[in-house]
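Please consult the sequence and the structure shown below while reading.

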Amino acid sequence: EPGYEIKLKALLFYTVALLFPFKQKENNRPQLENEHINKLKTILEYIDIHYAEKLTIGQLAQMCFFSEYHFMRFFKKYIGVSCLEYIKNLRLEKAAAQLTQGELSVLDVSMSCGFSNLSYFYREFRKKYGMTPKKYIAEKKKVENK
């Protein structure tokens with residue numbers, strides 16, 4: 001029959017078109033996720049070691065080979081808070097731990113934890129813990145004496 005080859009090709013293409021939606025997609029996502037998790041681990045470890053030093057977004061972004069904008073989005077996506085907020089909270093937690101030891105003054109603790117401004121340290125400490133550093137020390141001593 002004339003044109004049978006064209007009809008055969010048309011049926012073949014039709015069959016391929018019907019099967020096409022069931023084609024499994026190649027997924028590179030796990031590899032990308034692993035790469036991001038490794039970068040994030042590196043950054044978090046670096047921040048944990050160097051929290052008392054001056055840390056900049058540019059410096060941290062460079063470690064991941066990201067732009068500052070992309071790094072900020074990347075960090076917030078995986079951690080849930082901005083990088084600067086994370087660093088501030090880590091510094092406050094370290095400061096609270098040092099204050100409970102009672103060996104250093106509030107000024108020394110704030111400086112050793114990366115805060116260069118004492119009033120900023122007081123304000124942020126009060127926001128996080130609901131009391132001043134001196135009251136926090138007193139409360140902890142009260143709990144220990146019970």
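In which helix is the place of Ser110? Ser110 belongs to helix α6, residues 106–112, where helices are DSSP runs of H or I with at least four residues, numbered from the N terminus.

## Basis of the report

The structure is a predicted model, in which local features need pLDDT of at least 70 and side-chain atom pairs count only at pLDDT 80 or more, while totals for chains, interfaces and linings use all residues. Residues are numbered from 1 along each chain as its sequence is written, and side-chain values use heavy atoms, with hydrogens and water left out.

## Helix α6

Ser110 has a relative accessibility of 0% and counts as buried. With a 1.4 Å probe and protein chains only, buried means under 20% relative accessible area, exposed means over 50%, and partly exposed lies in between. Apart from neighbours within four places in sequence, Ser110 is in contact with Phe115, Leu118 and Phe121, contact being defined as heavy atoms within 4.5 Å.

Ser112 also lies in helix α6, but Ser112 is partly exposed, at a relative accessible area of 29%. When residues up to four places away in sequence are not counted, Ser112 touches Tyr51, Ala52 and Gln98. Its C-alpha atom is 9.4 Å from that of Lys94, a residue 18 places apart from Ser112 along the chain.

## The nonpolar core

A nonpolar core is a set of buried Ala, Val, Leu, Ile, Met, Phe, Trp, Tyr and Cys residues joined through side-chain atoms within 4.5 Å. The largest such core has 28 residues, and Ile47, Phe71 and Cys83 have the most contacts inside it. At least two residues of this core come from each of α2 (29–50), α3 (57–64), α4 (68–79), α5, α6, α7 (118–129) and α8 (133–145). Helix α5 supplies the largest share, seven residues. In soluble globular proteins, nonpolar side chains tend to be buried together.

Cys83 touches Ile47, Ile57, Leu60, Phe71, Met72 and Phe75, with residues up to four places away in sequence not counted.

Ala95 and Arg91 are both assigned to helix α5. Ala95 is buried, with a relative accessible area of 0%. Beyond residues up to four places away in sequence, Ala95 touches Val109, Cys113 and Phe121. The C-alpha atoms of Ala95 and Cys113 are separated by 6.0 Å, and these residues are 18 apart along the chain. Arg91 counts as buried at 12% relative accessibility. The residues that Arg91 touches, not counting those up to four places away in sequence, are Tyr51, Glu53, Lys54, Leu55, Cys113, Gly114 and Phe115.

The largest pocket has a volume of about 310 Å³. On a 1 Å grid over the protein atoms alone, a pocket is an open set of points where a 1.4 Å probe fits, with protein on both sides within 12 Å along at least five of seven lines; lining residues have an atom within 4 Å of a point. Grid points are joined across faces, edges and corners, and the volume is the space filled by probe spheres set on the points. Of the 15 lining residues, Leu84, Ile87, Arg91, Gly114 and Tyr120 are the closest to the centre of the pocket. Helix α5 (residues 83–101) gives the most to this lining, with five residues. The lining divides into six nonpolar, four polar and five charged residues; here Ala, Val, Leu, Ile, Met, Phe, Trp, Tyr, Cys and Pro count as nonpolar, Asp, Glu, Lys and Arg as charged, and the others, Gly among them, as polar.

## Cysteines

How many disulfides are counted? The count is zero, a disulfide being a pair of cysteine sulfur atoms within 2.5 Å. The sulfur of Cys64 is too far for a bond because the closest cysteine sulfur, in Cys83, is 9.2 Å away. For Cys113 the closest cysteine sulfur is also in Cys83, at 17 Å, which is too far for a bond. Cys64 is buried at 1% relative accessibility, and Cys113 is buried at 0%.

Phe65 lies in the loop between α3 and α4 and counts as exposed at 74% relative accessibility. Phi of Phe65 is near 65°, a positive value in a residue other than glycine. Most residues other than glycine have a negative phi.

Tyr4 is in helix α1, residues 4–19, and is partly exposed, with a relative accessible area of 49%. The C-alpha atoms of Tyr4 and Glu103 are separated by 93 Å, and the two residues are 99 apart along the chain.
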